[in-house]
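Here are my notes on the model, as numbered points. Please read them with the structure open.

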Amino acid sequence: MTNPAFNVLWLQSGGCGGCSMSLLCADTTDFHGHLRDAGIHLLWHPSLSLESGHELIGLLEQIVSGQVRLDALCIEGSLLRGPHGSGRFHVLAGTGIPMIHWVRQLAAQARHVVAVGSCAAWGGVTAGGSNPTDACGLQYEDDRPGGLLGSEFRSASGLPVINIAGCPTHPGWVIDSLMALASETLGDADLDTLGRPRFYADQLVHHGCTRNEYYEYKASAEKPSDLGCMMEHRGCKGTQVHADCNTRLWNGEGSCTRGGYACIACTEPGFQEPGHPFHETPKFAGIPIGLPTDMPKAWFVALASLSKSATPRRVKLNAVADHLVVAPLARKTRLK
């Protein structure tokens, strides 16, 4: 006897749709077949499903009434509670009912609730500035527990909201999370303290970065096209940010840092309001304020001083160039 399909409903709230666009870049030639082989049935997705209008509304009503089983409710985009808590800045077309009301009712029926992207997880870019729409995440407002569903919310599985954070989120994080849920191999111990799946959140963007040699010698980039480490001057937060972007490459070959862009911490709460330009590193007395995870300031200062004094000429010159100026020396003796 085969197990019933794992039913997934995907709704978009206050966001740009970028996480759906990212999802379509999943590393597979048959997206629907990939899900089907994992036992996942996509009940509805705004970009991938043919049903619309009364067909979708009928499906939502069947889920709320318990007629259709909902295994995972995936929400993309932040939840818009304004104005004045009414939620009427975002009304689901054809229903006259605010999206936040639908989300609350559907979440009460779902075995799992999944926040896809940093907007759904923390509020994200949509909650930036003065936040006129009163946008929030499903269970967080930046790093503060609460959000639309409240800090005490647990889905029927007993899990809190699963926060697949990122802006956009990596398609592999979404697919792997859904596959783990469908196979019942993702539990409370598999989530970090912010509800992110640990298979990617236990890593740092720094891991696997192609600029690590420059980081080790504190040979820093000074302008956008330079090859050097972008932590010291260019605003890169890769040594602090939880994600496996440089080992699980985007589209099989890229990442922000590999493309010459500093990591802006898009998987972390509050990344949209760093308090400084994204391309600049805030410092105090010449020392970056945001130091690598787990490293005391005194250690960093000592390490940086020693590293800079030991920087090979090759690394120093290449760090401030947009191409390799000096190649590694070819040794004439056997390597030992």
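1. A165 is buried, at 0% relative accessibility. Buried here means under 20% relative accessible area, exposed over 50%, and partly exposed in between, with a 1.4 Å probe and protein chains only. A165 sits in the loop between strand 11 (162-164) and helix 6. Helices (H or I, at least four residues) and strands (E, at least two) are DSSP runs, numbered from the N terminus. Leaving out residues up to four places away in sequence, A165 touches G117, S118, A121, W122, W173, R196, Y200 and T267. Contact means heavy atoms within 4.5 Å.

2. Some ground rules. This is a predicted model, in which local features need pLDDT of at least 70 and side-chain atom pairs count only at pLDDT 80 or more, while totals for chains, interfaces and linings use all residues. Residues are numbered from 1 along each chain as its sequence is written, and side-chain values use heavy atoms, with hydrogens and water left out.

3. The overall picture comes next. The protein chain has 336 residues, of which 49% count as buried. Its secondary structure comes to 10 helices and 13 strands. The C-alpha atoms fill a box of roughly 75 × 50 × 35 Å along the principal axes. Among contacts in the chain with a separation of 6 or more, 70% are between residues 24 or more positions apart.

4. How is the protein chain divided into domains? The assignment gives domain 1 (6-202) and domain 2 (204-323). Such bounds come from an automatic or database domain assignment. The centres of the two domains, taken over C-alpha atoms, are separated by 32 Å. Domain 1 puts 26 residues into the contact, and domain 2 puts in 17 residues.

5. Now the area between the domains. Domain 1 and domain 2 bury about 1600 Å² between them, and 56% of this is on carbon and sulfur atoms. Buried area is the accessible area (1.4 Å probe) that two parts lose on being put together, summed over both. H170, W173 and R196 supply 30% of the area that domain 1 buries against domain 2, more than any other three residues. Two of these residues, W173 and R196, are also among the contacts of A165.

6. Which polar links join the domains? The count between domain 1 and domain 2 is two salt bridges. A salt bridge is a side-chain nitrogen of Lys or Arg within 4 Å of a carboxyl oxygen of Asp or Glu. R196 pairs with E268 in a salt bridge, with 3.2 Å between the closest N and O atoms.

7. On the side of domain 1 that touches domain 2, helix 5 (118-122), helix 6 and helix 7 (198-201) each supply at least two residues. Helix 6 gives the largest share, four residues. By type, the residues of this side divide into 12 nonpolar, nine polar and five charged. Ala, Val, Leu, Ile, Met, Phe, Trp, Tyr, Cys and Pro count as nonpolar, Asp, Glu, Lys and Arg as charged, and the others, Gly among them, as polar.

8. The salt-bridge count comes to 11. One of them joins R81 and E141, whose closest N and O atoms are 3.1 Å apart. R81 lies in the loop between strand 4 (79-80) and strand 5 (91-92), and E141 in strand 9 (residues 140-141), so the pair ties together parts that are 60 residues apart in sequence. R81 is buried at 15% relative accessibility, whereas E141 is partly exposed at 24%. R81, D134 and E141 are linked in a network of salt bridges.

9. R248 deserves a check too. Its side chain meets that of D176 in a salt bridge (3.0 Å, N to O). R248 lies in the loop between helix 8 (212-216) and strand 12 (283-284), and D176 in helix 6 (residues 171-182), so the pair ties together parts that are 72 residues apart in sequence. R248 also forms a salt bridge with D244 (3.0 Å, N to O). D244 is buried, with a relative accessible area of 5%, whereas D176 is partly exposed at 31%.

10. Last, S220. This residue lies in the loop between helix 8 and strand 12 and is buried at 9% relative accessibility. The side chain of S220 makes a polar contact with the side chain of E232, at 2.4 Å. Beyond four places in sequence, S220 is in contact with G228, C229, E232, H233, A319 and V320.

Definitions and conventions: Polar contact = N/O pair within 3.5 Å; in protein donor to acceptor, adjacent residues only side chain to side chain.
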